[in-house]
Amino acid sequence: MRWKLKSSAYKRVPSRDAAMDLDVETPVKMADGGAGGGPSWRMSLPHVCVATLTSFLFGYHSGVVNEPLESISTDLGFAGNTLAEGLVVSICLGGAFVGCLFSGSIADGIGRRRAFQLSALPMIIGAAISALTNSLEGMLLGRFLVGTGMGLGPPVASLYITEISPPSVRGTYGSFVQIATCLGIIVSLLIGTPVKDIDRWWRVCFWVAAVPATLQALGMEFCAESPQWLYKCGRTTEAEIQFEKLLGPLHVKSAMAELSRSERGDDGENVKYLELFYGRNFNVVFIGTTLFALQQLSGINSVFYFSSTVFRSVGVPPNLANICMGIANLSGSIVAMLLMDKLGRKVLLSGSFLGMAFAMGLQAVGANRHHLGSASVYLSVGGMLLFVLTFSLGAGPVPGLLLPEIFPNKIRAKAMALCMSVHWVLSAISRQQQSTRLASDTILFTEYQLGKSTAKVDH
């Protein structure tokens, strides 16, 4: 009976029509795998969740030294050395740049699943070295190794989620990356809370990071491989098996038809990185690099990476401030998840940047209106939280989701690696500058005005 149902379903839905129904820009009604609707979202969900562990680790390692940095510098003997503290914060981004550059070749060479497992390995080793070290050199080595995994994992995650998700929920699943990053930052801040009260608690913070990395390495053994990668490698039968695991048996034929159509016109040869800088590939790669550049130049790093120092200096409890920022970031990401497939990527991205501009205007107004008293403080802090909220609505999640959708299959992995390497370079520059100056000029100005307003309120 099951075989007959499949046959009748295929007769009713010609492969060409089915392929057209699965176009990225056409919403498909979510179903449970029946013949009358789109593929079920439930079958691919566990695979997506395992993949997003790499984004959780990215968020965790981004914030893991936020609270413990003072304790780390004291225990390892470089307290007061601003350059050393900055290196501890930012050296992982140097490793991330290296890992990101090779991520495209690795993902195309050994597949998405093995690339995830390879990215987890330096994260486990690096976290262990950081937790056990008694010197600055050991800490820098551990953080650099962690960074290589941070650079390798996120581009592969963006590729993998795009390639295994049903079109009807592709935007929703793509938003999981940002949500996982937010959760990683929040967990790192919560784990770091006891660092002032418990001696050498910062070592526990690094040991905790090894747990999700290990879970991902083991979980990927049970996850599906990307059917697109298998098809590209000429392993058509295996691609059909993976589609059946991800979409259900009723949708294998239509998915293969769509895959065949998308691959049509490809000569099947791997591209080199230099080919991305000229010809027909340049325009789309330029769009991708620009999106990631704007994301990092927005000033979001000033808020995320040194929030504790900034808020503490103006009398706001850093733990409370960090929790509020985490909630704002997570809330915006959840809203983006709900709206991504309804409003589209372009609307969320444009609205996000406009909202960030408005939030910065609120901060400027609050900082320059001393006669408002305590309202000036609330307006400035509220503007900062709104900035985080609007960032997470579009500027945060959209680039990593949009680019795998607009890149041709032939260049997708390497183009993602190139675009995200721009992300890491700008993030590293931003972090190093902030570590020596505590924050960017905008945040420093706001901090100074907030301090004056707080003092005025106290009097």
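Q: In this predicted model, are Tyr 173 and Phe 176 buried or exposed?
A: Both Tyr 173 and Phe 176 are buried, which means that each has a relative accessible area under 20%.

Q: Why is Thr 181 called buried?
A: The relative accessible area of Thr 181 is 11%. Buried requires a value under 20%, and therefore Thr 181 counts as buried.

Q: What surrounds Thr 181, apart from residues up to four places away in sequence?
A: Thr 181, a residue of helix 9 (residues 170-191), touches Ser 55, Phe 56, Phe 58 and Gly 59.

Q: Which backbone oxygens lie within polar-contact distance of the side chain of Thr 181?
A: The backbone oxygen of Val 177 lies 2.9 Å from a polar atom of that side chain, and the backbone oxygen of Ser 55 lies 3.5 Å from a polar atom of it.

Q: How many aromatic pairs does the whole structure hold, and what makes Phe 56 and Tyr 60 a stacked one?
A: A search of the whole structure finds six aromatic pairs. The ring centres of Phe 56 and Tyr 60 are 6.4 Å apart, and pairing requires centres within 6.5 Å. Their planes stand at 25°, whereas stacked rings need an angle under 30 degrees; the pair is therefore stacked.

Q: Where do Phe 56 and Tyr 60 lie, and are they buried or exposed?
A: Both residues belong to helix 4 (residues 53-63), four residues apart, about one turn of the helix. Phe 56 and Tyr 60 are each buried.

Q: What kind of aromatic pair do Tyr 173 and Phe 176 form?
A: The pair is tilted, with 5.3 Å from centre to centre and 55° between the planes. Tyr 173 and Phe 176 are separated by about one helical turn because they are three residues apart in helix 9.

Q: Which residues have the most contacts inside the largest nonpolar core?
A: They are Met 150, Tyr 160, Val 285 and Phe 407, in a core of 68 residues. Helix 8 (residues 136-164) gives the most to this core, with nine residues. Beyond its neighbours within four places in sequence, Val 285 is in contact with Leu 276, Phe 407, Ala 415, Leu 418 and Cys 419. Another core lies apart from the largest one and has 20 residues, including Leu 69, Val 88, Val 195 and Phe 206.

Q: How does the span of helix 14 compare with the expected span?
A: The 18 residues of helix 14 (residues 280-297) reach 27 Å from first C-alpha to last, close to the expected 26 Å. Its buried residues include Val 284, Val 285 and Phe 292. Just after this helix, Gly 299 takes a positive phi of about 100°.

Q: Why is Ser 40 counted as buried, and why is Arg 200 counted as partly exposed?
A: Ser 40 has 4% relative accessibility, and the limit for buried is under 20%, so Ser 40 is buried. Arg 200 is at 47%; partly exposed lies between buried and exposed, the latter being over 50%, and Arg 200 is therefore partly exposed.

Terms used
Residues are numbered from 1 along each chain as its sequence is written. This is a predicted model: local features need pLDDT of at least 70, side-chain atom pairs count only at pLDDT 80 or more; totals for chains, interfaces and linings use all residues. Side-chain values use heavy atoms; hydrogens and water are left out. Helices (H or I, at least four residues) and strands (E, at least two) are DSSP runs, numbered from the N terminus. Buried means under 20% relative accessible area, exposed over 50%, partly exposed in between (1.4 Å probe, protein chains only). Contact means heavy atoms within 4.5 Å. A polar contact is a pair of N or O atoms within 3.5 Å; within protein, one must be able to donate a hydrogen and the other to accept it, and residues adjacent in sequence count only if both atoms are side-chain atoms. The expected span of a helix is 1.5 Å times one less than its number of residues. Rings of Phe, Tyr and Trp (its six-membered ring) pair if their centres lie within 6.5 Å; planes under 30 degrees apart count as stacked, over 60 as edge-to-face and the rest as tilted. A nonpolar core is a set of buried Ala, Val, Leu, Ile, Met, Phe, Trp, Tyr and Cys residues joined through side-chain atoms within 4.5 Å.
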